[in-house]
Amino acid sequence: GANASEAFQKSDFLFKLRSILLPQRSSHVEENTRVSSLELPMTIEETATEEQETRQLAALLEPLLPLYTFYVSPSHMSELLVATTKVIPPLDSGDRKRLGILLPFLSTGLQHSASFADLKAEDVNELMSFLPELILSNMASTTKMYATSCLISFLSKKQDGNEECPCLALWETQVVRLTHRLSQETKESVAKKVKQRERFIATLKQAGETISFTGSIASAAIQRGGSSSQTADKLVRFLISLACTGKAEAVCSNGTFPIDFSTGPRALTAIQICSVSAFGGIMSSGPYAALWKQRLSFVAWQSILPARSATVKENSFGVIGASAFIVCCNNWKGMSTKMSSGLTDILLHGVSSRRDLPGSVRKILLSAVVKLLSLKTIAAEQNIPTIVTGVLLCYASTDKYGASDALACKLLALQALQTIPSVLSTRAPVVSVKPAVVSVLEQAMVEKNSLLRHAAVEVRNSWFVI
C-alpha cells in the first residue's frame, strides 16, 4: 500500500542497491561533472551479453516496481529524475547499468503517481532531450522500453503553453531524417547487392526501431489530445502507408522526405511487419476512449483503401495485418456497413490464402477471424466453409514459425473451430468439411504440448454434436 511505498522511498534502498550492483566510478570522475567515460563501440558478442545482463537485472527489480504504483513523494521523484539526468552520453557499461536500474522506477512513478508540477522544468527538459537518442541507440531493449515509457509520460502530460505540438516536433527532428537516411542506405545496399549481411540487417533493425518509435510518439499525441490529435492522425497515415506499400512521404515543416523500403522483398517484409506492429501497439494499448479508436480506425481505413488490391487476394502483409488490428481493437457496431464489409473481405481472403504469412500477421489475422465468428456476423455465417478451410490451412502451415508463434497460431485456429458450431443456424455448411476437421483434431490430440491436446479434445467434442 501507500505506507509501504513511502517507507521504501524514505529508506533510500534504491540508491543503496545501485551502489551495490554497479561498479564504482573511477576516482578521477566526479559525480558532479556529469561526464561519462568514453569507450569503443561494443561488438556483437558484447551487445548480446549486455542484453542478457539487463534482462536479469530487470527481473531482479521487477518485484519492487509495484511500490511505485501507489505513492511517490515529490522529493523522491525529483531525486530519481536528477540521478537519471546525470547519466548522459557518451555512455560506458556502468552508465548503461545505472539507467537499467533508474529508468524502470522513474517510468513507473511517472505513469502512476508523479505530478509534473513538483519537478524542475530544466531537469525534465534535459531528460526529454536525451531520451530520444537513447531510444534510437543500441542500448538493451529492456532499458529502451522504459525510456520510451518515460518519454510518453512526459509528452502526454507536460504542458508548457507552447501552441506547437511537441510530439510532431520530436518526430520531425529525431525520426524523419533518420528514417529517410536508412531507407536510402537500404536502397543502395539492394541495388549494389552488398555482401555485408550484418550491416544490412543492422540497418533494417534500426529502421524498425524508428518506426516503432513513431508509434510511441503517436500514442503520446493521442493521450495529449487537443491540437496533438492531428499529429496522431498524421502518424497513423504514415504507418499505414508503410505497412501497405513499404513507401510513405513524411511531410514536415522544413520539407517533404520520401521514404521507400520497397526495393527488396526482405526489406519490404521487415518494414511492413514493423509498421503493422507499431499500428497495433497504438490500437491495443493506452487508456483511449472507444470514440478515439473509432477515429483512428477510420483514418487507417482511408489509408488502406488506395493500397487494397482490386482482387483482394493479392493484398500485402500490411493490408491484412492492419485490417485485422482494426477488427480486433474496435467496436464492430460502430463501423459503417461499407467499412465492415471491406474488412471482412480482406480477412476472409487472407485466412484462405496459401501465401506464407509471417507469424505475427497470421496471429492477429486468426484473432480477427475468431472475433468475426464470435460476433455471429452475417458474412461469417455465409462463408463458414471458406473459414474452416482457411483455419485448417493455418493450423497445418506453422512449421516455419518459432515455437511461440506456432503454438499461438494453432491455439487460435482451434479457438476459431470451436466457435463455429455456435454460429451455425443449420449444419448444412459444414457437412462437407467435417471429416477434414475431425482428422486434424485427431492429430492435434497427440501433440506434445498439453494446451494443444486439451484444446483439441474440447473442439472435437463440440464438432461431434453437429
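In this predicted model, the side chains of K363 and D405 form a salt bridge, with N and O 2.9 Å apart. K363 belongs to helix 15 (residues 359–374) and D405 to helix 18 (residues 403–423), so the pair ties together parts that are 42 residues apart in sequence. The count of salt bridges comes to 8.

**Salt bridges**
- K363 counts as partly exposed, because its relative accessibility is 26%.
- D405 is also partly exposed, at 24% relative accessibility.
- K410 and E447 meet through their side chains in a salt bridge of 3.2 Å, N to O.
- K410 lies in helix 18 and E447 in the loop between helix 19 (434–444) and helix 20 (450–464), so this pair ties together parts that are 37 residues apart in sequence.
- K410 is buried, because its relative accessible area is 15% and the cut-off for buried is under 20%.
- K144 pairs with E209 in a salt bridge whose closest N and O atoms are 2.8 Å apart.
- Because K144 lies in helix 7 and E209 in helix 9 (residues 197–224), parts 65 residues apart in sequence are tied together.
- K144 is buried, at 11% relative accessibility.

**Helix 7**
- Helix 7 (residues 141–157) should span 24 Å at 1.5 Å a residue, and its end C-alpha atoms are 24 Å apart, which agrees.

**Helices 10 and 11**
- Helix 10 (residues 228–245) and helix 11 (residues 265–284) have axes that come within 7 Å and cross at roughly 145°.
- Their crossing is left-handed.
- Residues making the contact include V236 and L239 of helix 10 and L268 and I271 of helix 11.
- By class, this contact has 12 nonpolar, 3 polar and no charged residues.

Note on methods: Residues numbered from 1 in each chain as written. Predicted model: local features only at pLDDT ≥ 70, side-chain atom pairs only at ≥ 80, totals over all residues. Heavy atoms only, no water. Axes fitted to C-alpha atoms, helices over the stretch in contact; angles between N-to-C directions. Helix = DSSP H or I, 4+ residues; strand = E, 2+ residues; numbered from the N terminus. Left-handed = near helix turned anticlockwise from the far one by under 90°. Contact = heavy atoms within 4.5 Å. Nonpolar A, V, L, I, M, F, W, Y, C, P; charged D, E, K, R; others polar. Expected span 1.5 Å × (residues − 1). Salt bridge = Lys/Arg side-chain N within 4 Å of Asp/Glu carboxyl O. Buried < 20%, exposed > 50% of the residue type's maximum accessible area, 1.4 Å probe, protein only.
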